[in-house]
Amino acid sequence: MTTQAANSELLFSGSDWDFTKLSRVYDAIEAIAVEELHLDIYPVQMEIISSQQMLDAYSSVGMPLMYRHWSFGKHFLHQDLLYRKGGRGLAYELVINSNPCIVYLMEENTMALQALVTAHAALGHNHFFKNNHLFKQWTDAGAILGYLDFAKSYIVRCEERHGLAAVEAVLDSAHALMEQGVFRYQRPPKLSSERLREGLRERLEYEERSYNDLWRTLPHSQQRADVKVQDPEWKKSLNLPEENLLYFLEKNSPVLEPWQREIIRIVRVIAQYFYPQRQTQVMNEGCATFVHYTVMNTLFDRGRISEGAMLEILRNHSNVVFQPAFDDPRFSGINPYALGLDMMQDIRRISTKPTAEDRDWFPDIAGHGNWREVLLDAWADHRDESFIRQYLSPALIRKWRFFVLGDAADQPHCEVASIHNERGYEKIRAALAHNYDVGANRPDIQVVDVDLLGDRHLRLQHKVKQGILLEDTSRDATLRHIRRLWGYEVSLAAVDAETGLTVNERSTSQIAE
């Protein structure tokens, strides 16, 4: 084949890009991803943004229609300082879990890099968002952009009507509780349609105009105590214990006005939107990295990408999956891109070229050759914790040199508790999976009691695991935020999860303002 004929087969040449090249490259990438990897994706909407706009997107948690808050500006200034001083680079792309799937590409990217991130985000992340069971059950990709548009305009109207300081006070407290503002065990309701949101806005405005001081009409404390004794069923309607603090405050706070309740709901919806992403970082990034690596190599093998472009793609790919050693100053933990890609390539190896060890550990998939179906099922059915627990192989444990280190507080020395043997592999895999279990590693704080008919004292409970208590300063600061939204006394009891004994208790009356 002549050089001229070979160049005619290339999707692009040189580093400059234009929209015609982007469209041609996307079509070629999509064809391989859909026809050969069997990916199922949302329609794609690609946007080209500058580095400054990418920094701005960072500051607003990656959402294109985010409302304004001072913390986003603070984050923007911090990221901008690091970027200008060379302390941190920018992401080459940003992808939104929505329908259509929105992909932001940096205009400073070269054409080869645009091809790489298109395969990574527009196909890899897109497929994972659409098909993983956590995203299907817990987020509403079709309604999130419309809801964010409603949220942004609603908060702007609240700022105009009630003042910037009043709105920021509610947002500050709601943001402080975002980690405890999600449903973990029950599916949240679907987001409302545009028509219902407009009806909600009108209803809230009507409630504000016709506000009734209901709480002032309640009986005095002695009468309320009598009512409580006579009606022990009053608390059942609250469905206690309640894991979602923002939901409980939104529905039951005796001091919040309707517009404040709606702001809390907005923050709660956004927290729920990001909840699946915290549980699937290894799988999500691993899926996208596996897709872009496979697609780019396929295009190169077919002569659609030049050697120079492929070298640039491999250099950027290597930067993404680089895993510093534990004693490297750059080490900050396990790189989810690297671990996810290695596990998915290992599944492909086990399915096509298994060893005797693989056949013992993975009898259902070893040697079957159907690695595409295995990966599609894994991407659909697992989160990080279950994926690692099921698919991390002894071969990969040896490659990564994983081991379990026992570091008991009452012992003077650390102990290597699990090594590379039959029993050790199982313990190492279980220990690593446990580290990715969001439910096991986030504080379990729930509303367990409230006296709505008495002094309105709100009682929270923290289930202490392995003797790990909450840090005093952040605990007290968070209790103050709960007190602001609840309006009355709030206490938090630390209860040992195994024995049920109260280890510690703190109330807002003990905290200095």
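This is a predicted model: local features need pLDDT of at least 70, side-chain atom pairs count only at pLDDT 80 or more; totals for chains, interfaces and linings use all residues.
Local features were taken only at pLDDT of at least 70 and side-chain atom pairs only at pLDDT 80 or more, while totals for chains, interfaces and linings use all residues. Residues are numbered from 1 along each chain as its sequence is written, and side-chain values use heavy atoms, without hydrogens or water.

The protein holds 22 helices and nine strands. These are DSSP runs numbered from the N terminus (helices: H or I, at least four residues; strands: E, at least two). Of its 513 residues, 47% are buried, meaning under 20% relative accessible area with a 1.4 Å probe, protein chains only.

Helix α17 spans residues 371-381. Its buried residues are Trp371, Val374, Leu375, Leu376, Ala378, Trp379 and Ala380. Their cover includes α5 (111-131), α6 (133-138), α13 (281-301), α15 (336-352) and α18 (384-391).

Helix α8 (residues 164-176) meets helix α22 (residues 472-486). Their axes come within 9 Å and cross at roughly 130 degrees. Axes are lines fitted to C-alpha atoms over the stretch in contact, and angles run from 0 to 180 degrees between N-to-C directions. The two helices are therefore oblique to each other, a class left after roughly parallel (under 35 degrees), roughly antiparallel (over 145) and roughly perpendicular (65 to 115). On the α8 side, the contact (heavy atoms within 4.5 Å) is made by Ala169, Val170, Asp172, Ser173, Ala174 and Ala176. Thr478, His481, Arg484 and Leu485 make it on α22.

How values were computed. Buried means under 20% relative accessible area, exposed over 50%, partly exposed in between (1.4 Å probe, protein chains only).
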